[in-house]
There are 2 protein chains.
Amino acid sequence: MATTYKATWIWYPGDYEIWLGNKMNNRRTDRGAYFPPFWKQDSHYVTVEFSKAVDLTEDEELKIEAEGSYNIKIDGKMLFGMPKKITLAAGKHRINIKVHNQCTPPALYVDGKTVKTDSTWNVTFEDKEWIDESGKASDTSSTVYMPAGFYNFDNIEQRPSQFKLERERHEAVAADGNVYDFGKETFGYAILKGIKGNGTINIYYGESKEEATDKYHCETLDKLEVCNGVVTDLATNQTTELADEYVLGNSKAFRFICVETEGCSLSGVSMDYEFMPEEEKGTFRCNDEELNRIWEIGAYTMQLTTREFFIDGIKRDRWVWSGDATQSYLMNYYLFNDNDMVKRTTWLLAGKAPITSHINTIMDYTFFWFNSVYDYYLYSGDRHFLTQIYPTMKTYMDYVLGRTDEDGMVEGMDGDWVFVDWADKPMDKHGQLAFEQILFRKSLEAIAAVAKLTGNDEEGNAYQEKADELGNKLMQFFWNDDKQALVHNRLNGKQSEDVFRYPNMFAIIFGYLDEKRQQTVKNSVILNEDVLRITTPYMRFYELEALCMLNEQDKVMKEIKDYWGGMLKEGATSFWEKYNPDEHGTEKLAMYGRPYGKSLCHAWGASPIYLLGKYYLGVKPTKPGYEEYTVEPALGGLEWMEGTVPAPFGSIYVKMDSNSVTVKSDGGHGTLILENGKRNIEIPSGKEITIKL
Amino acid sequence: MATTYKATWIWYPGDYEIWLGNKMNNRRTDRGAYFPPFWKQDSHYVTVEFSKAVDLTEDEELKIEAEGSYNIKIDGKMLFGMPKKITLAAGKHRINIKVHNQCTPPALYVDGKTVKTDSTWNVTFEDKEWIDESGKASDTSSTVYMPAGFYNFDNIEQRPSQFKLERERHEAVAADGNVYDFGKETFGYAILKGIKGNGTINIYYGESKEEATDKYHCETLDKLEVCNGVVTDLATNQTTELADEYVLGNSKAFRFICVETEGCSLSGVSMDYEFMPEEEKGTFRCNDEELNRIWEIGAYTMQLTTREFFIDGIKRDRWVWSGDATQSYLMNYYLFNDNDMVKRTTWLLAGKAPITSHINTIMDYTFFWFNSVYDYYLYSGDRHFLTQIYPTMKTYMDYVLGRTDEDGMVEGMDGDWVFVDWADKPMDKHGQLAFEQILFRKSLEAIAAVAKLTGNDEEGNAYQEKADELGNKLMQFFWNDDKQALVHNRLNGKQSEDVFRYPNMFAIIFGYLDEKRQQTVKNSVILNEDVLRITTPYMRFYELEALCMLNEQDKVMKEIKDYWGGMLKEGATSFWEKYNPDEHGTEKLAMYGRPYGKSLCHAWGASPIYLLGKYYLGVKPTKPGYEEYTVEPALGGLEWMEGTVPAPFGSIYVKMDSNSVTVKSDGGHGTLILENGKRNIEIPSGKEITIKL
């Protein structure tokens, strides 16, 4: 469970995450212009009360530190000033500490022998402690308390507002005139060495060499003015005394840097690589070197896009998007298993009420958010988080339910972005989309489950009922016998003729099709080349997952090698936002009507990490937090493979070739499933077993 | 109208007000402990887009300044960096500027020959400008824009976040040992002169000498440590180099300061008086010197409590409370006529959605807020503000309507503070209180009127219908023929036996009683000494207003002299939170179970300012913004009186004795009403007239 047992900095859940998210989301630039998100950005509560009832067997001295002005009330009596040390006498006490901070989230650290700030403290943003004329407090205030939020700031000096990613000096691997090549996609702060003279320096960044050397179209750039020993960043107007090295103030994504000087010179370009230290707990190796390389580039893509949060891409948008993040979470469970990162991103995406639009304005992204919360519970077993997030889930579901039509289905209303995917053919976004209803149903199931897990059975039953009602209509509304598929949408009560892969593959993944229709749809849609091909790794993720669930690992292996291998052949050093094998040369760099608009490092590009861990090594939790799990390995045409999958209790190692399977697990109740479930073998904890095939 | 015609700093309406309000509301201390409000405190939107479409006849250079990071988009194209000057070519342009600021409200100042930031600019906190794969912007984003908020920051240097009240050095008028007397209630920063030695200095503040010299019970105090030339404020841990003078870091309310030193000495105590410069546009003089003194002390009480906002009291609570503020607004219309202060306070009280409790947690205070918005329009004629605030009014009314019972009436639910008044006898707060329903009905009428004024006729009609439904039930539910009065409340469908003045006097003020019942209630309740006497100036305000509306100016004059004169006789130098003529000595200082808990400078103490202006000078608007108004003077037993009442067009001067009335008005369509409406005389604009009686 997520309860912490040492003192740690605490805050109102979501407050720190939203505040840090604002820093993240507002750092994007577009050709030297500040470029913020277009959705509502929220803030922390400026005054938060932290409270805890304690019972001490002996006197205890507490160290106290807060981010903000604060007061301390012990047993209802306020102390003078903002003491950094207090002594509590043995016995029962009620501690109430209010912290106020407009600029950064109110946060608290208390450390005594037994009294320590952790997730067992309560927090509220309004204690409603009014008194009557006699000074008596009200007994009807009905204050709502939440369990405190926290991360890993376990030392008193680690003030949450001071958190920074780490930095490491990296050098260019090659230079071609004024163009510096850092060898692969990277992220950080350009460093200019040995600036001399007075004049201007223009810095053009490129994920490709083409971009860095196209000063009129590259997506990111910097302009400096050097004058009498002072460097001015012309984008921000910030000035710095000239020294041996000048480090740019904002980070950028690039592989290449092109530097143009006028009136001054420099001796070289270096960089401070900026990163979140993430341990790769998940591993994968096999006999196929191309596949190994795909796994490695996928892992590196995840390293680059896993920052303060799971972001979409490092050049663009440098924002947190729910659909993208949901995939990052899933890959994360097979790579870093960084639960805090999932929770932090989930809080940021939710923001704060009132809800004025879907998450990131996208209808589908709201639904992915719901599903991701339940997924998180499945992989982590963290019920504490469910308690914190459930009220927010309800608020979002109220928003969604307030936007349904007479059939109880969601349709894009003004202000709703119905996204689905970047498809290579116009897609009708009007009326009832089968894809959206399927995600909606799954969201209702997710919130129903969370409601029940947090002791809200009645609400849970009501949500489940709505899910079932919607489920009953899905086939009736969208199934088309002629096409043997779910059609794309229904407009004015009439099915359209369009068939896309999206609703059909999600219906498979969520188990909304019976056995027979699963097979039908596999052939009529998923394996049917006449149905529009998917060219984003984003939706290929789900398409290939659906096939894996139908035991088509051999076919999927071929697809992985074709598609991700295809990007490698095009020179990718991280995976892309979109890849159409028919596009080559500079054409493949373009998107959104801009020659270098495409992101060449996009988290959703890394899906082989997930597919290989879950459907080849075959490891997945079947009860929350891997209390129970299965290992159902599939070589998919490989000669051998081995790897580890992280779990809350440690890791699960799997090695397989055509003759045998070896499994070693650090805990949990595991079942090794072989021969399509005909051979099920219990996996012992802490002991390696090898099974002959 | 409120439209500005010069460049001024603009922001999202409410943002600056809420941010500044947080600074105000979080400065209260209680015996050296930080003491914040117990309701939710909100924040500004951290990213705001400002936009304007312009059409220039010639090229124009714009100066641009923002509080925060910003970008500039001209005709859809973003400019590099954060330019402080741009030139627009002649012709049509669309200007979009996004400003991001986490700590202080995003604010913008643009100044060109014709293009200037003012209230005609649009603002939004989410522009929902998503694009499709081709780069095309969505046409269904349905962004909601608001007209910009502004104040009087008309110079580019006047950054809104830097706003400070003014300061003026004041000296003590007397000293008695270590107790310094500043001669009257005041507010500001204590200054210690000539500190020498090493040791501690304790500073005890008192609105009374008793309080300042009672170090164990005074409500506010400071403690300093002086050590080797450094002064440490022990409440905040802030350190300052010792100089000739040491100015305390936080302001306090006091008349007396008692200084206790140990190990060090000082040569004297002075103060920096802190104030909002407010011109007293309203005046009143008469033959009765006691009444003149009451008016002056009332005006001084308003000077002290009119700060960044209209606050309740300067010692306690130093917070903005809606019921208190509503009275400050009304007094303000007859004294300062500072419309910006009314608007700013109204925004702060509203805060931001989601609404998690009544305003200040008090049900009645939500209703006063509604009514104050319409009052503001009546006195100012400012329709621009109605456009900005109407959406917020709707949000609050939704909240209220969501908390009504099966009769459509409001009852105190968990979390609702049903306040009414500090009464000297227990008051049942359960069930349907007549007082609350009357305020609720008036609120529905207020929002109905504002809806219609802002072009939302259909919504307006719906609110009016609800008001009428509630109105129809009032007499049926609460009128008691035996008591000839509205009873206090109704519990489980049954009238209680209690009769209080509150519902009866509000029913008179709002015109909810017919002529006959008005007279009945006047005698059976208002003039009936068996009904519990009111001992707060807060509710005496309305009680006396009701009597004035029934032409009882003679009786009210006697009450004013008895009650407010009574406070003067007790030594008041500003008016108090509560005054019970039966209490004397230190007893009169106590409240909330604390010996000096009572505030001796409370805005709601100043009601004679309003009563004398509106019901003796007799000036009141009858159409919004004094477009039409009446002057119906009443001597109420005085020999003569004269005074001015501010109006949007300037002022209205009235002088009266038993022989004649003189009126001079700067504008509007005025009617002088004499002899109970039997003589109505048109008041010319700009020309003094004298009418013989």
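Chain A and chain B meet through the same surface, because 100% of the interface residues of chain A are also interface residues in chain B. Keep in mind that this is a predicted model.

**How the two copies are related**

**The contact between chain A and chain B**

- Chain A puts 70 residues into the contact, and chain B puts in 70 residues.
- About 5,500 Å² of area is buried between the two chains, and carbon and sulfur atoms give 61% of that.
- On the chain A side, the residues that lose the most area to chain B are A:Tyr34, A:Phe80 and A:Glu133; together they make up 15% of what that side buries.
- How many salt bridges does the rule find across the interface of chain A and chain B? There are two.
- In a salt bridge between the chains, B:Glu133 pairs with A:Lys578, and their closest N and O atoms are 3.3 Å apart.
- The element that gives the most is β6(A), with three residues.
- Sorted by class, the side of chain A that touches chain B has 29 nonpolar, 23 polar and 18 charged residues.

**Salt bridges in the whole structure**

- Search the whole structure, over all chains, and you get 105 salt bridges.
- One is between the side chains of A:Glu260 and A:Lys215, at 2.5 Å from N to O.
- This pair links distant parts of the chain, with the two residues 45 residues apart. A:Glu260 is in strand β22 (residues 252-265) of chain A, while A:Lys215 is in the loop between α2 (209-212) and β18 of chain A.

**Two open sheets in chain B**

- One open sheet has six strands in the order β7-β6-β9-β4-β11-β12, with antiparallel pairing.
- Its edge strands are β7 (77-78) and β12 (146-147) of chain B, and each pairs on one side only.
- Within this sheet, β6 (residues 69-74) of chain B is joined to β7(B) by two bridges, and the strands run antiparallel.
- Which residue of β7(B) stands opposite B:Lys73? That is B:Met78.
- Another open sheet has three strands in the order β25-β28-β29 of chain B, again with antiparallel pairing.
- At its edges are β25 (432-433) and β29 (494-495) of chain B; each has a single partner strand, so one side of each is left without a neighbour in the sheet.
- Two bridges tie β28 (residues 489-491) of chain B to β29(B), and these strands run antiparallel.
- Across that pairing, B:Leu491 stands opposite B:Lys494.

**A hairpin in chain A**

- Strands β35 (residues 669-674) and β36 (residues 679-683) of chain A run antiparallel and are joined by five bridges.
- A:Leu674 has A:Arg679 in β36(A) as its bridge partner.
- Four residues sit between the strands of this hairpin, and A:Glu675 takes a positive phi near 50 degrees there.

- The peptide bond from A:Arg316 to A:Asp317 is cis, with omega near 5 degrees. You'll find A:Asp317 in the loop between α3 (289-305) and α4 (322-333) of chain A.
- Another cis peptide bond joins A:Ala353 and A:Pro354, with omega about 0 degrees. A:Pro354 lies in the loop between α5 (339-350) and α6 (363-380) of chain A.
- A:Lys128 has a positive phi of about 50 degrees, although it is not a glycine. Look for A:Lys128 in the loop between β11 (122-124) and β12 (146-147) of chain A.

Definitions and conventions:
Residues are numbered from 1 along each chain as its sequence is written. Chains are lettered from A and ligands numbered from 1 in the order in which they are written. This is a predicted model: local features need pLDDT of at least 70, side-chain atom pairs count only at pLDDT 80 or more; totals for chains, interfaces and linings use all residues. Side-chain values use heavy atoms; hydrogens and water are left out. Contact means heavy atoms within 4.5 Å. Two strands pair if DSSP finds at least two bridges between them. Buried area is the accessible area (1.4 Å probe) that two parts lose on being put together, summed over both. A salt bridge is a side-chain nitrogen of Lys or Arg within 4 Å of a carboxyl oxygen of Asp or Glu. Ala, Val, Leu, Ile, Met, Phe, Trp, Tyr, Cys and Pro count as nonpolar, Asp, Glu, Lys and Arg as charged, and the others, Gly among them, as polar.
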